[in-house]
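Please look through the sequence and the structure shown here before reading on. The paragraphs after them are meant to be read with both in view.

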Amino acid sequence: MFKKLNNIKAFVLAGVFSVIGLTACNDYLEVVPDDGNATIETAFNLRSTAIRYLGTCYSYMTQEGVSGQDPALLGSDELADLWGRTVSNTSARVPFTMSYIARGYQNASSPYGNDWSSMYEGIRCCDILMENVNNVPDMTSAEKARWTAEAKFLKAYFHFNLIRKWGPIPVIKKSLPMDASVDEVRVFRDPIDTCFNYVLQLLNEAIPDLPLTVDVTEYGRITQTIAASFKAKVACYAASPLFNGNTDESTLVDSRGTQLFPSKTDAEKLQRWTDAMTACKEAIDYCKQANIKLYHWDKEYRANDSIALDFTLRGVMTHRWNSELIWGNTQSAMSSLNMWQQLTQPNIQYMQPNAWTGALSCYAFVGVPLKIAEEFYTRNGLPIRYDKSWQTVNELDVAKGDSAHKYYLEQGYETAKLNFNREPRFYSDLGFDGCKWIGGLTNYNDLTPKDIFNVECRMGKALAKSSQESGPTTGYYPKKMYSYQNRISGANTNMSVYWYPWPEMRLADLYLLYAESINEAEGPNGAHSADMFAYMDSIRGRAGIPGVKDAWDKYSTNPGRYSTQTGMRDIIHQERMIELCFESQRFWDLRRWKEAPTEYAKNVYSFSVTSYSAEDYYKKILLYEQPFGQKDYFWPISTYNLEHNPNLVQNIGW
């Protein structure tokens with residue numbers, strides 16, 4: 001595995017320092033001809049130097065999963081940061097910058113998460129590679145075609161990253177020469193459909209010349225399965241309400257009089273969903289050819305069904321290069337992902353006889369808002385509000401862990417009724433006061449409940465809040481993000497963290513996009529409805545809950561809710577929220593669905609984490625409000641860019 005990681009690093013990080021633009025690309029090519037001056041021409045004299053430039057193109061990829069780079073983590077409503085922490089062990093190693101977005105502090109003078117310039121620099125580097133790769137003498141035509149396809153994919157990816165943040169953007173089909181005039185440089189934003197169409201065009205051009213799969217030495221490079229699956233996601237975004245005939249943005253008009261969100265007929269909007277449905281099915285077919293399939297734990301230890309299911313449900317995210325992973329983002333710095341695991345979990349080892357007291361560990365300063373815990377299904381595979389067996393349950397009442405939950409809850413320990421009778425993903429994805437937490441062990445054979453760590457975090461307990469710099473923050477922890485393969489070897493020993501590539505896209509994501517596009521294009525009773533239910537039920541079956549129809553017909557207060565398009569839409573959306581929790585999806589999904597104001601209005605609540613008794617601890621406390629208005633759907637273009645290019649019209653509200 002170390003060989004594999006080193007190979008990835010050698011390829012992907014080859015041009016990691018080339019992040020300034022065209023000039024910086026020249027500076028860091030490490031290609032020095034006889035006269036000592038590096039040029040674009042000399043960069044493509046040999047394959048050994050040209051591959052560095054391909055690495056430069058990859059180096060502009062966004063770093064999902066890195067707290068200081070990914071707005072969909074701490075900038076979302078599914079994770080809550082300990083506000084105001086300053087200790088360098090936490091603030092320097094796991095930056096909280098993006099939490100300003102979550103609290104409504106986005107601004108136009110210095111936007112948080114502003115990668116406008118770097119995305120366009122990446123686009124320019126891709127153009128340079130495509131213009132020059134055919135000049136490399138010691139490469140086959142097939143390899144040149146592959147590199148060109150990778151550059152086209154990355155160019156599409158950079159455009160998409162700009163679109164989902166800023167909406168309509170200037171599309172760059174060909175980068176301007178360095179001696180372009182001022183007027184040529186002052187480009188206009190293009191209408192939203194022009195933007196999406198260009199991204200989809202690039203992906204269509206790239207797919208045929210990419211390999212179906214790659215071997216371990218090239219993990220992280222783009223394949224046909226990645227490109228086809230990404231195309232499916234782009235097509236679903238293009239069809240979603242935020243981008244598809246969004247009349248709320250009808251006043252976004254530039255100085256030419258061009259409407260950047262033009263009106264559409266219902267037929268035109270529906271066609272986008274039909275196209276998305278087709279793209280999703282094509283991507284699924286590519287995945288089948290590549291033997292990509294839903295992940296199930298490979299039983300490397302002797303374990304009962306409850307523990308094996310926990311390993312499966314956490315492994316979908318944290319098992320390195322698992323069978324379900326379509327695209328693992330290796331640009332997300334290994335050190336940052338490891339530090340997140342090390343610093344943001346509760347110190348579960350502290351309760352054991354051989355207490356671990358490593359200096360840099362377990363501040364637990366990232367929590368999960370109560371509304372996210374409530375989002376998970378009951379054991380019957382239903383939202384709490386629709387489950388017949390939950391109609392008389394007070395979620396915040398206290399009960400003691402029992403034998404029926406012995407692998408999920410500490411027996412005899414008092415915890416909220418909210419934590420009983422929930423689906424397996426609730427217990428695999430969330431940690432909380434009174435829960436069981438598997439991790440940090442050197443051997444997992446034949447585990448019994450007494451072998452599994454208990455989390456007790458009320459005041460007076462081992463994992464209670466110990467300072468202003470530590471958690472618990474809300475009373476819930478994002479356990480799904482922490483691999484059970486992390487190891488603690490003994491007292492006073494640093495944690496050995498199991499690294500995994502960030503799951504940019506996995507098969508369950510694609511299945512749910514397909515289900516969503518079928519429902520939006522045809523409704524739940526159309527020609528492809530059997531596919532819709534089958535793919536959703538495969539995910540639910542893996543999670544240990546009944547299929548959609550069985551759950552709603554047998555256990556709900558609203559049987560048959562899946563038979564209407566609106567009802568099925570809600571079911572699909574909630575399934576995505578649960579299945580893809582903490583994977584940088586919810587932030588963008590709520591926006592593209594135009595559901596962010598409703599969800600953000602629920603605000604961020606915690607338990608009373610500084611209380612001693614269970615009765616006092618399980619009270620809802622408002623941590624902060626989450627304002628979200630029309631302007632918050634899109635990033636502001638920075639005032640700096642507006643001043644330098646007056647043809648860029650600012651987004652509404654900024």
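The text below goes through a nonpolar core, a pair of helices, salt bridges and some points along the backbone.

This is a predicted model, in which local features need pLDDT of at least 70, side-chain atom pairs count only at pLDDT 80 or more, and totals for chains, interfaces and linings use all residues. Residues are numbered from 1 along each chain as its sequence is written, and side-chain values use heavy atoms, with hydrogens and water left out.

We begin with the core. In soluble globular proteins, nonpolar side chains tend to be buried together. A nonpolar core here is a set of buried Ala, Val, Leu, Ile, Met, Phe, Trp, Tyr and Cys residues joined through side-chain atoms within 4.5 Å. Buried means under 20% relative accessible area, exposed means over 50%, and partly exposed is in between, with a 1.4 Å probe and protein chains only. The largest nonpolar core has 190 residues, and of these Phe153 and Tyr476 touch the most other members. Helix α9 supplies the largest share of this core, twelve residues. Helices (H or I, at least four residues) and strands (E, at least two) are DSSP runs, numbered from the N terminus. What does Phe153 touch, not counting residues up to four places away in sequence? Its contacts, meaning heavy atoms within 4.5 Å, are Leu203, Ala206, Ile222, Ile226, Ala227, Phe230 and Trp327.

Next comes a pair of helices. Two packed helices are described by the angle between their axes and the distance between the axes. Helix α19, residues 529–542, packs against helix α20, residues 548–555, at an angle of about 80 degrees, and their axes are 8 Å apart. That makes α19 roughly perpendicular to α20. The axes are lines fitted to C-alpha atoms, for helices over the stretch in contact, and angles run from 0 to 180 degrees between N-to-C directions. From α19 the contact is made by Phe533, Met536, Asp537 and Arg540, and from α20 by Val548, Lys549 and Ala551. Sorted by class, the contact has four nonpolar, no polar and three charged residues. In this sorting Ala, Val, Leu, Ile, Met, Phe, Trp, Tyr, Cys and Pro count as nonpolar, Asp, Glu, Lys and Arg as charged, and the others, Gly among them, as polar.

Side chains of opposite charge can pair when their charged atoms come close. A salt bridge is a side-chain nitrogen of Lys or Arg within 4 Å of a carboxyl oxygen of Asp or Glu. How many salt bridges does a search of the whole structure find? The search finds 44.

One of them joins Glu150 and Arg146, at 3.7 Å from N to O. These two residues are four apart in helix α9, residues 141–166, so about one helical turn separates them. Both Glu150 and Arg146 are buried.

Another salt bridge joins Arg425 and Glu575, at 2.9 Å from N to O. Arg425 lies in helix α17, residues 424–429, and Glu575 in helix α21, residues 565–579, so the pair ties together parts that are 150 residues apart in sequence. Arg425 is buried, with a relative accessible area of 2%, and Glu575 is buried at 0%. Both belong to a network of salt bridges that also links Glu324, Glu423, Lys480, Arg506, Arg540, Arg542, Glu579 and Glu583.

Asp433 and Arg458 also form a salt bridge, their closest N and O atoms being 2.9 Å apart. Asp433 is in the loop between β6 (431–432) and β7 (436–437), and Arg458, 25 residues apart from it, is in the loop between β8 (453–454) and β9 (476–477).

The backbone comes last. Most residues other than glycine have a negative phi, and most peptide bonds are trans. The peptide bond from Gly471 to Pro472 is cis, with omega near 10 degrees, and Pro472 is in the loop between β8 and β9. Trp321 is not a glycine, yet its phi is positive, about 55 degrees. Is Trp321 buried or exposed? Trp321 is buried, with a relative accessible area of 17%. Lys594 has a positive phi near 60 degrees and, at 28% relative accessibility, counts as partly exposed.

Terms used
Parallel < 35°, antiparallel > 145°, perpendicular 65-115°, else oblique.
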